[in-house]
Amino acid sequence: MGRYILRRLLQLVPVFIGTTFLIYLLVWALPGDPFAGKCGERACPDAYITRMREEFHLDENVVVQYLRYLGNLLQGDFGQTFSGTSVGELIAAAYPVTLRLAIVALLIEALIGVLAGVLTGLRSGGFLDNLVLVSTLFLISIPVFVTGYVLQTVLGLRLGLISPTVSADAGFGELIVPGFVLASLSMAYVARLTRTSIAENRRSDYVRTAVAKGLEPRRVVGVHLLRNSLIPVVTFLGVDLGSLMSGAIVTEGIFNIRGIGGLVFRSIALREGATVTGVVVLLVIVYLLMNLLVDVVYAVLDPRIRYV
Amino acid sequence: MATPLLEVEGLRVEFRTRDGVAHVLNGVDYHVDAGETLAVLGESGSGKSVTANTVMGILESPPGVVTGGSVRYRGEELLTAAPARRRELRGEHIAMIFQDALSALNPVFTVGFQIGEQLRTRRGMSRRDAEKRAVELLDLVGIPGAKQRVRDHPHQFSGGMRQRVMIAMSLALDPDVLIADEPTTALDVTVQAQIMDLLADIQAERHMGLILITHDLGVVAEVADRIAVMYAGRIVEHADVHSLYANPCHPYTRALLESIPRVDTKGTSLSAISGLPPSLTRIPPGCPFHPRCPMAAERCTEELPPLAVLPSGRSSACLFAEELVAG
């Protein structure tokens, strides 16, 4: 197992270099001059542009630029925005909020999704089953921004149960409704995945054996059935955590959460190449590590899988 | 006569499906006493496993519905017993092993966990004691290096070894009755013999009642005391193993015996039973075997022969049983 993890980590190196190079290339290949609108109504003085281009090495070959960027990155330096703010600091300010939101969303989708999936998988065809099937279909078919605005309007403005926007420090309590919005789609998938998995395994021989051993029904379901049925669900949740941390732009926008999503959105609009690259590079790392974690957890959950 | 250890009487089970009602069991009677082995023999679909599952209380329902009869353990009626009481009996007094040990064992838990599970949840044993006992049980069923293997998972064992694990698990709570549902069907012939010997040894040593379900006549000859032959959800013949082999008293048993290859008839063609087992949704009137029976007469199409006890103590559900027993 140790060797497997080491090999997987080594495999991350070329993937990391490839993806970051691609991102770097794309961001700097965007048409338009990053300094075009910097000086208000008038065009910027040539002297300023020349100085900036020199400072940010924009006239060099893009490969050289990238290598310099990579070198700095490996020393923990994400570079600076054109106004001189450290990109590392920007990310450090925004990332904890996004992480909290992603964790709240993951907990919501795991708890509600798995619970709904288990209950319906055990008794398919009943009222609860149909209710869950219809409501998950509903969640899957409406876009996140609709769910977001509807909940914000109803819970925040009409009923006054929550504050419509999240405050600057964004505590866990405030993030429950935004987390629900962010999680809604995946939650529906988790519920359906669990339901199918439970219904499939419910009639398996080892469940029959567990019953024949005289174990309590709660133990048969909670230990024997659940452990096997959750293997695909855990895989999904792990990969989904990666996308929850990167895909929150819409939700963050609706609830005015100052996280990574908003940061990257603003940076793209302002052509702040260093910030965009920095954020996306970080997301790539998170995504790659989550995938590795999922593969390792998979082996722990299912001992039949052995890594060599 | 004393109360038998386990007794099944007139058991009737239907499978209610969308395509109609299948009459899977139509009055099954058998019993087993401590220290003896009853073999239940029959083709696929004759109701052997359904009977066993009903006895265990693990019949799939739906579609299975018990419509009549009685299952008694030491005289206690099980079919009407509370679910909690039935659960108490499972594993503790009546245990069962299944055909395919690979799918019957949980793939994600170690064999030690699965064997010790009942000891921990029902005897309140500590994790360590349960594992120690699991090692003893693995040792008992002849798994080499039990101490090292107790933390292995089922897929790390060979087919025969897995069935041994299954047997060890069923013995954990010292049951009085063990039901073995085709325990050797999925195994190699050489391994089959080993597992049969192991079951026979354990049965004799612990003075258990063993119900051995099989479709393999060769398997039962050496280990069974009595044989019950099933056809279309009923017992059609019941006898001790010697009389049954020497002189089968039901045309179906006779046909079954004739269909086994034998050394002394080598070279001649093997006789097969003509026709197919009846569809359980449409069992023919009269004796269900009559469409395939070489002895069938007019009466057989109208009269359902009861399982009648013959003078020698054996029984047969054939209208011509007395002629057959006379030879």
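This is a predicted model: local features need pLDDT of at least 70, side-chain atom pairs count only at pLDDT 80 or more; totals for chains, interfaces and linings use all residues.

User: How many helices and strands does chain A have?

Analyst: Helices (H or I, at least four residues) and strands (E, at least two) are DSSP runs, numbered from the N terminus. Chain A has 12 helices and zero strands. Its C-alpha trace spans about 85 × 55 × 30 Å along the principal axes.

User: Into which domains is chain A divided?

Analyst: Domain bounds come from an automatic or database domain assignment. Here they give domain 1 (2-87) and domain 2 (91-301) of chain A, whose C-alpha centres lie 33 Å apart. Two residues are in contact if their C-beta atoms, placed from the backbone, lie within 7 Å. By that rule, 21 residues of domain 1 of chain A are in contact with 15 residues of domain 2 of chain A. On the domain 1 side, helix H1 (residues 2-29) of chain A supplies the largest share, 11 residues.

User: What is the largest nonpolar core?

Analyst: In soluble globular proteins, nonpolar side chains tend to be buried together. A nonpolar core is a set of buried Ala, Val, Leu, Ile, Met, Phe, Trp, Tyr and Cys residues joined through C-beta atoms within 7 Å; buried means that 20 or more other C-beta atoms lie within 10 Å of a residue's own, again placed from the backbone. The largest such core has 152 residues, with Ile179(B) and Ile211(B) making the most contacts inside it. Helix H4 (residues 87-122) of chain A gives the most to this core, 15 residues. Among the residues that Ile211(B) touches, leaving aside those up to four places away in sequence, are Val32(B), Ala52(B) and Ile179(B).

User: In what order do the four strands of the open sheet in chain B lie?

Analyst: Strands of a sheet pair through backbone hydrogen bonds, either parallel or antiparallel. Two strands pair if DSSP finds at least two bridges between them. In chain B the order is S2-S1-S4-S5, with antiparallel pairing. Strands S2 (20-32) and S5 (76-77) of chain B are the edges, each pairing on one side only. Strand S4 (residues 64-73) of chain B pairs with S5(B) over two bridges, and Arg72(B) has Glu77(B) as its bridge partner in S5(B).

Technical notes
Residues are numbered from 1 along each chain as its sequence is written. Chains are lettered from A and ligands numbered from 1 in the order in which they are written. A residue is buried if 20 or more other C-beta atoms lie within 10 Å of its own, exposed if 12 or fewer, and partly exposed in between; C-beta atoms are placed from the backbone.
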